[in-house]
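These are my notebook entries on one model. I set out to look up its cavity, its ligand shell, its sheets and its domains.

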Amino acid sequence: MSEVLLEVRDLVVHFPTPDGVVKAVDGVSFTIERGRTLGVVGESGSGKSITFLTVMGLINRKSARVSGEVLFEGRNLLEATTEELRHIRGDRIGMIFQDPMTSMHPMYRVGDQISEAILAHRNVGKREAGARAVEALRQVGIPAPEQRARQYPHEYSGGMRQRAMIAMALVLDPDLLIADEPTTALDVTVQAQILEVIDELKQRLNIGVALISHSLATVADVSQDVMVMYAGRPVERGTRGEVFDAPLHPYTLGLLSSVPRVDVRVERLVPIEGSPPSLINVPPGCAFHPRCPYRFDPCDRDVPDLRDRGGGHDDACHLSAEAKAANRRERLDMQEPVT
Ligand code: SF4
């Protein structure tokens, strides 16, 4: 029986500026279930990071207009006090970012930083906190954790620092882990190792994970559910199999046919033309229409709704099911399975 850990309903985050309103997030809904990873994918400016910073209460509410609901353990986090949010962060929801150096204090030993998090949230002594910190480092695969706990962040490699951040995020046994571009700053081999660590811990601890990335390839192997975002809105949502094997939305199709994949032989990569729109001047109708090779009459006028196209596989596009299937065949049939 699935257990929904986080439910976001119609989240809107707008930032009024002298040049106009930045519509960073414009009607985002999704759920994350225990034991599953939701891969959230989109180019820079798609709203994916702002969505999760809002979930964590990490945006300045004085400079933003926020509406919708962020339900976690039955509580709407948009109504939580600063004190409640501080408790929930770290304790119930762990978070890791792209660059661990921005989250770790360079002047404190790694073990002490993890101990601090424990002491701030748990009624334990320093010795117990230190032992739990070492154990957390061991759990994320850091060798000789007793020695490593006494070292400073600059003495760790990039991959080791990210492992230490994962240890810090999970040491309080949260139910949900939010990982925002956790592998972007790492080389390819280390990226795969970090994703493996997150996936292994998700299964062992039975937590829910939000894995945010600009790349579909990054989330491919470790996500059970996928949401593709464009210009502040979800344009496709479904299980991993639905989104990767039968993509519906032209933007998803574009992402899939513009990057190499390990499971298919790609004859020709086709980049998506143009760049994401300004969030102050989002194009009318479908926001993707200036870049879409399949746009037709209503696309620059009517905003397509995000709708269920069968079995919970949603997309927001005016094209018929037949046209989407034909586009998929045309774009992806040039990619043959690797045998
Ligand atoms: Fe392309 Fe139109 Fe579909 Fe938007 S609604 S993705 S412009 S075909």
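**Cavity and ligand**

I began with the largest cavity and found that 14 residues line it, with Pro-250, Cys-286, Cys-292, Cys-299 and Cys-317 nearest its centre. A cavity here is a set of points, on a 1 Å grid over the protein atoms alone, where a 1.4 Å probe fits but cannot get out; lining residues have an atom within 4 Å of a point. I note that the model is predicted: local features need pLDDT of at least 70, side-chain atom pairs count only at pLDDT 80 or more, and totals for chains, interfaces and linings use all residues. Residues are numbered from 1 along each chain as its sequence is written, and side-chain values use heavy atoms, with hydrogens and water left out.

I then looked up the volume and found about 80 Å³ of space in the largest cavity. The count is one cavity of 30 Å³ or more. A volume is the space filled by probe spheres set on the grid points, which are joined across faces, edges and corners.

What takes up this space? The largest cavity is the space taken by the ligand, where a molecule sits in a cavity if more than half of its atoms lie within 2 Å of its grid points.

I listed the residues around the ligand, among them His-249, Phe-288, His-289, Tyr-294, Arg-295, His-318 and Leu-319; each has a heavy atom within 4 Å of the ligand.

**Sheets**

I traced an open, mixed sheet of eight strands in the order S6-S7-S8-S3-S9-S10-S13-S12. Strands are DSSP runs (E, at least two residues) numbered from the N terminus, and two strands pair if DSSP finds at least two bridges between them. S6 (93–96) and S12 (307–308) are the edges; each has a single partner strand, so one side of each lacks a neighbour in the sheet. Within this sheet, S10 (233–239) and S13 (314–315) run antiparallel and are joined by two bridges. Glu-236 stands opposite Asp-315 in S13.

I found an open antiparallel sheet of four strands, ordered S2-S1-S4-S5. Its edge strands, S2 (20–33) and S5 (75–76), each pair on one side only. Eleven bridges join S1 (4–17) to S2, and the two form a hairpin with two residues between them. Val-8 faces Phe-30, and Pro-16 faces Val-21.

**Domains**

I recorded domain 1 (106–168) and domain 2 (246–337), with bounds from an automatic or database domain assignment. Their C-alpha centres lie 43 Å apart.

Conventions:
On a 1 Å grid over the protein atoms alone, a cavity is a set of points where a 1.4 Å probe fits but cannot get out, and a pocket is an open set with protein on both sides within 12 Å along at least five of seven lines; lining residues have an atom within 4 Å of a point.
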